[in-house]
Amino acid sequence: MDALALTPVQHALVGHFFALALGAHLVGLVYFLANAPRVAPRYRVGTVLSVAVMVASGYLFARLGASWDEAFTQVDGRVVGTGKPFDGGLRYVNWLVTVPVLLVQSLYAFDLARDRVLRLRTVLMASGVLMVLAGYVGQLRAGTDDAWLLGWGAAGTVPFVVLLVVLLPLLRGARTTLPPSAGTTAGHLAWVVLLSWGLYPVAYLVPAVSASATGVVVAQGLFTAADVGSKVLYGILLAKVLRLRSAADGYGPAREPADGAVGPAPEHEPYPDRQEAQR
Ligand code: RET
């Protein structure tokens, strides 16, 4: 990494990606704290877990920013490596914690029987952890050993596919079992997961395509966009689903308008069929 010749603009851009992501996570932190009391107690842990993810990932971006600053210095208008390598592996360590949390959180959005929740939780967490571990090992030689990067990337893709095959139909199916407004948001949630989670393997492969300064900027930009989508945007949509469910359950604080609009809160339909939803 320190052998790469970054321009001052490239160097600044990556530092700004990290600062932007840190800002987004701080905003998310406050938003989720403020929204948690509006979600009924039975779903509230779902939103509180977003608070936890914001703290863990906000800290990651502070660490990434610091590592980036320590890895490079400017001499006569040129960016040169200090000899301390930038620690991109920090991201994977963060995901090892946040991916299982994000997956468990999603289960709060559905009306699932307990044994099904326990089973899904195990499958989702195990595949999430295996995927991240494979990526962690793979990235150790990013930019130096493409076969290694691709081999571990392929290994990590297997649990990734398992995870998507389990999670996406649940989110899309939620459109029929949740109150209509919450169901629509759950459909959007499926798209946010697909698009943001889909960016990670692309960013991971960038060093195999271009082990250059531009490659570093592109990869860090993609990872950062993916992180804001998969954690902050995802958390906001999930909090909305949980609040709409709470409102449909008749939980008072959830029925206040949440968008700054003046006037009564929109009416929410009761669940179409709670029995059916227990599948
Ligand atoms: C890796 C490389 C191996 C192949 C695949 C990957 C996918 C990673 C994903 C990460 C998601 C991270 C999230 C973090 C939130 O904090 C490990 C890059 C498929 C999908 C959601």
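Hi everyone. A nonpolar core here is a set of buried Ala, Val, Leu, Ile, Met, Phe, Trp, Tyr and Cys residues joined through C-beta atoms within 7 Å. Keep that in mind as we look at this structure, which is a predicted model.

The largest nonpolar core has 60 residues, and the members touching the most others are Ala-109, Ala-186, Leu-189, Leu-238, Val-241 and Leu-242. Two or more residues come from each of helix H1 (8-35), helix H2 (41-71), H3, H4, H5, H6 and H7. H7 supplies the largest share, 15 residues.

Which residues is Leu-189 in contact with, once neighbours within four places in sequence are set aside? They are Leu-171, Tyr-234, Leu-237, Leu-238 and Val-241.

Now to the ligand. There are 20 residues around the ligand, and Thr-98, Gly-135, Gly-156, Phe-160 and Tyr-200 come nearest. Helices giving two or more residues to this shell are H3 (89-106), H4 (114-139), H5 (146-177), H6 (180-209) and H7 (213-248).

H4 has 26 residues and spans 37 Å from its first C-alpha to its last, close to the 38 Å expected at 1.5 Å a residue. Among its buried residues are Leu-124, Ser-127, Gly-128, Met-131 and Gly-135. H3, H5 and H6 are included in what covers the buried residues of H4. And Gly-135, buried in H4, is also one of the residues that come nearest to the ligand.

Key: Residues numbered from 1 in each chain as written. Predicted model: local features only at pLDDT ≥ 70, side-chain atom pairs only at ≥ 80, totals over all residues. Near = placed C-beta within 6 Å. Helix = DSSP H or I, 4+ residues; strand = E, 2+ residues; numbered from the N terminus. Expected span 1.5 Å × (residues − 1). Buried ≥ 20, exposed ≤ 12 C-beta atoms within 10 Å, placed from the backbone. Contact = placed C-beta atoms within 7 Å.
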